[in-house]
Each structure stands twice: as structure tokens, then as C-alpha cells.
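This report describes a complex of two chains.

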Amino acid sequence: MVATAARKAGADRAASLRIGPLSKTFTLKTGPLRTETVQALGDIRLDVPGGSFVSIVGSSGCGKSTLLRIIAGLETSYDGSVTLDGRPIGGPGLDRGVIFQEHRLLPWLTVEQNIAFGLKTLPRAEVARRVREHLELVGLEGFAKAHPHQLSGGMAQRVAIARALVNQPRVLLLDEPFGALDALTRIQMQQEILRIWEAQRTTMILVTHDIDEAVFLGDEVVVMSSRPGTIRKRLPVGLPRPRDRSSPDFIALRKEIHREFFTASELPFAYEI
Amino acid sequence: MSAELASDARSAQRAGLRAGAKTGALRSRLGALAGVLPGVLGRAALYVALPVALLAAWQAAFALGYIRPILLPPPTRVGKAFVDLAASGDLFRHLGVSLLRVLEGFAIAALVGLPLGIGIGLSRTLDRLTDLIIQLTKPIPPIAWIPLAILWFGIGEAGKVYIIFLGAIFPILVNTIDGIRQTDHRHVELARVLEVTRRRFILQVVLPGALPNIMTGLRVGLMVAWICVVAAELIAASSGLGYLIMDARQMSQTDQVLVGMITIGAMGKLLDVVLRAAERRLITWKTTFSGS
Ligand SMILES: Nc1ncnc2c1ncn2[C@@H]1O[C@H](COP(=O)(O)OP(=O)(O)OP(=O)(O)O)[C@@H](O)[C@H]1O
Ligand SMILES: [Mg+2]
């Protein structure tokens, strides 16, 4: 129904992204006359085909957020090129949706007002229709009039997802969107994101600390190394969906990514970095 | 104190039980009331305990002959003066005059201060243009303006309203600017990502976020306005609570001086209660620490 219609609409709307060569240096003022530079990204090259799902993993401070912020258009000074369907990115735009680590809902607006906040000016009935449709999409029909402080963390993040999707972006950028959630809710949200992606076929770029999550969701897992942030490895995930987290292939892939961060002897029990 | 609370609780419960025994239908209702009542009574008792104790000590000091009534008349005498002034209508006439002046001065201060503060908060140019003037005039106590106000406006209403306006506008202005400047940068980023219009950004992000500060500014402004009206009336007026106090002092009626002072305090409290209630209705989304 809604899903298949949106899928048709989305299929040709998904945008492909071409990154690189891209580097980014921050200049910090450390004294009245002194500045220091931090190279956050060094020579990143990454092509993301339209409609695909890319997971990015990397240790803290390796520049994942910086990369997403550049794609989102929030960070406009960088060296190199980032193009969306061939057009260079020069600032934020509705063709890219962002889901931040914290939900960033406006506490004084209700759930439906928060979702409509991102919507460009439309006739009132159309706004109501789209808000309702997206509330359904994230399974929060009953909470249209609730305020953010009345929601659980997972529910708030689902509202944030609805808000990011309501303008039908062609790329969805997710910066550790479930990092603050408990393990059970996180798994539930991963399934939800997958369902939405399968329905809408938006291009997805997901930054995460959770290797399990990266493998479960991505068509490809990109491993980044730090200082400066570069791409160390790209691993295609050839497994059919829905993926079984306990299948030998899944576990093997998880181990392989893990070895990028830890030597064999220090492999911890839980695969999280 | 705790013994008092406990006995409150017990008597309330007894009352509830006795009444409940009469009619079966009322029983559960009254039972519930008896459960709530001790808490309410206890809190009310805690709220007034200190003032009541102070009044008792004051009265006792008089009864024991420690203080001369001309310097500090006892509560009973102040109470009598209050009843007399209220009965003659003088008290309410003066109160009404003062209140009207405050509301005029405060309303003008809000009408000027809110738009100006919002403008300055949003525009760096306007901020630069006005900052020095604001910083230089802010520390001048409104009372220091009284001589000029008398020169400019005479001792009519306008001069007093002007003093009140000066007292109230700075808290309103400064808090409004502060509130707008404290807009969460994460919300600013969100608005950029979603490309919301400037109008929507101001109406749905900046102003609601600044509202708690704006309400604080209004509350402080109203309090300062109330302080200013009395100060202005003490110096140049023929009506109002400040005049009532000054007039009573000249007649050595200390009890009436105290009635005037207590009325000022009570009215100030009442105004604050009204604005706080307005604040609670406006800002329902905020969950903050309210003491433990
Ligand atoms: N605004 C900034 N000014 C200066 N340096 C910055 C700024 N933002 C990020 N950096 C630096 O750039 C590097 C990469 O930061 P970034 O936030 O992209 O890391 P990250 O991979 O997202 O880390 P995490 O997983 O902890 O979120 C860090 O060394 C950080 O200190
Ligand atoms: Mg980050």
C-alpha cells in the first residue's frame, strides 16, 4: 500500500554520491596569535550508488561525523569534491535528510508539529496527510499530540526518523542514530530502518560504533582509520536479507571487521568499538 | 513542627472517618480526601510557619515591654490600623493608584522591551548599535532619574510612569536578549538541515526556546516596577502607597507606615504569583528541578 507506492516513487529518486578525493582540516585557535591545525579527513574516496545502504565504522574521533556533516552541507570548507548526482555540495538541502545521534526534537512542539517542522510550505490538508503517513511509517499513530518529554528514547528517535523522511530526501544520513538506545530497542530500530529503506529505497549512509549493526544493515561496510581519517577497508556484505545474526557467514564477516581494530588475542566478547 | 503535622494528619483523618460513617456513599470520597488533606495541610503549615513564628515573637516582645510602640507597634495594632484603613477605603484607593501606575509603566516597558530585545537578539548590527547605550544606562538606578523626571514631567502621572518604565525595561530587555542568544546550536543546525524559513526559525525555534528567559525578565521587570512606584511616590506624589507611608510617617503613625509596607509586600507577591501561573501555562514542556 503506502510502502509499495513510496517504493516506486523512491526508486528513481535515490541519489548517488561521489566523494573524493576529499580532505578536511580544522584550524583551532590555541592562543592570541597561535593556531593549530587538525587534519580530520585525509584523502577520502567513496562512491555510493543510488539506493544502496552503506555502513561506516571507525574508532572515536576518526572523522565519521565530519564526513557526514560535509555531505549534509553543514561543513562547507573542505578540500576536494563531494557531488550528489554530479552536482557539488555547497550547503544543506532537502535532498539530504539527517538523523543525529540525539533526536533533536523541539521540546515545545508536539510529535506531529515536530514532523511538520521539516516540511516545506504546503496546503494544510497536504501537511496533515504527509504527517499522518509518516507517523504510520514509524508506528507512532497514537502519539501525534504527545510532547517529546512524554516519549521514550526509541520513540523520540523514531519521530526524528519520520521528520527526516517527510520531505522525501534522496539520501538519508544517520550519525550513530541508535547509540543512546538499549540493545533491545536498538535491534528493533534496525529492523525498522531496514523496513523503511526497503519501502523507500532512499540512499542510506549510516555511521555506527556497532559492528553487528553495520553488517546487519549495510550493502557494504566501510572501515575508517584515524588521524587523519581515511578509508582503510571496504567490505561488501553479500548476505541476503533478512540477515541472520547467528549465521556463520555473518559471524565471519563481523570477525573480519573486528580484526581491523583489534589483534586476534584481544578479541573481546562483544563486537563493539 | 512534625508533631503539629502529625496531629493535623490525625485530626483530618478522624474528621474523614466520622463523616464517612454517616453515609456510605460519601465514605470512599471522604476517605480519599482524608488521605490527601494531611499532605496539603502539612505543606500549608510549612509555608506559613516562619512568618507566623515571627509575628508571635514580635507580639511577645511588645507584651514583655522590649520595644516601644512608636518605633515598632505590635501586630495587633498594625492589624487594627489595617482594618481602619481598609474600612475607610483609603488603603484600596492608594493601592489602586499605585497598581495602575505600575501596570502602565510595566506595559510600556514590555511593549518596548520585548520587540527591542528580540530585534537585538536576532541582529548583530542592532546589538552593536545599541549595546553601549544599554550598558551605560542600565546601572543608573531609576530613582536617580527622579529629579530629571520631575523637571521634565512635573509631579504628574507621566513622571512616575517614566520612572517605572526605566526600572522595568532593563530586566525585560537583557533577559530577552540572553534567551535568544542561548538558542541551542543543535536546533540551529537542525533548522539549517531542514532549510526552514527564517520566519519559522524565529517563531518555532528561537522564541519558544527564549520563552523561559523572557518570562523571567517579565517577572523581574514587574517586581522592579513595583519597587520603583513606591520610590517615586515617596518623593513626589499626593496619592499611592508610597505617599500613604510618607504621610503616616509625618503624622508619626508608625502602624500605618507598616500597613503600607505590608500591603506593598503582599501585592508584590500576588503579582509574582499571577506571572508564575502564566509561565506555567505557557511552558508546559519544560521539566526542571524544583528542589528536593
Ligand atoms: N568543529 C571542530 N573544530 C575542531 N576540530 C574538530 C571539530 N569537529 C571535529 N574536530 C576534530 O576532527 C576529528 C574528527 O571528529 P569527528 O567528530 O568527525 O569524529 P567521529 O569519528 O565522529 O568520532 P565519534 O565516533 O566519537 O563521534 C577529531 O579529532 C576532532 O577533534
Ligand atoms: Mg561522531
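Between chain B and chain A there are 8 residue pairs in polar contact, both residues of each pair being at pLDDT 80 or more. A polar contact is a pair of N or O atoms within 3.5 Å; within protein, one must be able to donate a hydrogen and the other to accept it, and residues adjacent in sequence count only if both atoms are side-chain atoms. On the side of chain B that touches chain A, α8 (185-193) and α9 (198-235) of chain B each supply at least two residues. The largest share of that side, 7 residues, comes from α8(B). Helices (H or I, at least four residues) and strands (E, at least two) are DSSP runs, numbered from the N terminus.

This is a predicted model, in which local features need pLDDT of at least 70, side-chain atom pairs count only at pLDDT 80 or more, and totals for chains, interfaces and linings use all residues. Residues are numbered from 1 along each chain as its sequence is written, chains are lettered from A and ligands numbered from 1 in the order in which they are written, and side-chain values use heavy atoms, with hydrogens and water left out.

**The interface as a whole.** The contact (heavy atoms within 4.5 Å) takes 18 residues from chain B and 23 residues from chain A. The two chains bury about 2,100 Å² between them, 63% of it on carbon and sulfur atoms. Buried area is the accessible area (1.4 Å probe) that two parts lose on being put together, summed over both.

**Confidence.** pLDDT is the predictor's confidence in each residue, from 0 to 100. Chain B averages 86, and chain A averages 85. Where pLDDT is low, the predicted coordinates should not be read in detail. For the complex, the predictor gives an ipTM of 0.85 and a pTM of 0.80.

**Domains of chain B.** An automatic or database domain assignment gives domain 1 (2-63) and domain 2 (75-282) in chain B. Between them these domains bury about 440 Å², 65% of it on carbon and sulfur atoms. B:Y47, B:W58 and B:Q59 supply 79% of the area that domain 1 of chain B buries against domain 2 of chain B. The count of salt bridges between the two domains is 0.

**Salt bridges.** A salt bridge is a side-chain nitrogen of Lys or Arg within 4 Å of a carboxyl oxygen of Asp or Glu. The whole structure has 31 salt bridges over all chains, and 3 are counted between chain B and chain A.

| Pair | N to O distance |
|---|---|
| A:R104 and B:E189 | 2.9 Å |
| A:K24 and A:E75 | 3.8 Å |
| B:D127 and B:R181 | 3.4 Å |
| B:R276 and B:D272 | 3.2 Å |

B:D127 lies in helix α5 (residues 124-137) of chain B and B:R181 in helix α7 (residues 157-181) of chain B, so their pair ties together parts that are 54 residues apart in sequence. B:D127 counts as buried because its relative accessibility is 18%, whereas B:R181 is partly exposed at 40%. Buried means under 20% relative accessible area, exposed over 50%, and partly exposed in between (1.4 Å probe, protein chains only). B:R276 and B:D272 are 4 residues apart in helix α11 (residues 254-282) of chain B, so about one helical turn separates them.

A network of salt bridges links A:K24, A:R69, A:E75, A:E102, A:R104, B:D184, B:R186 and B:E189.
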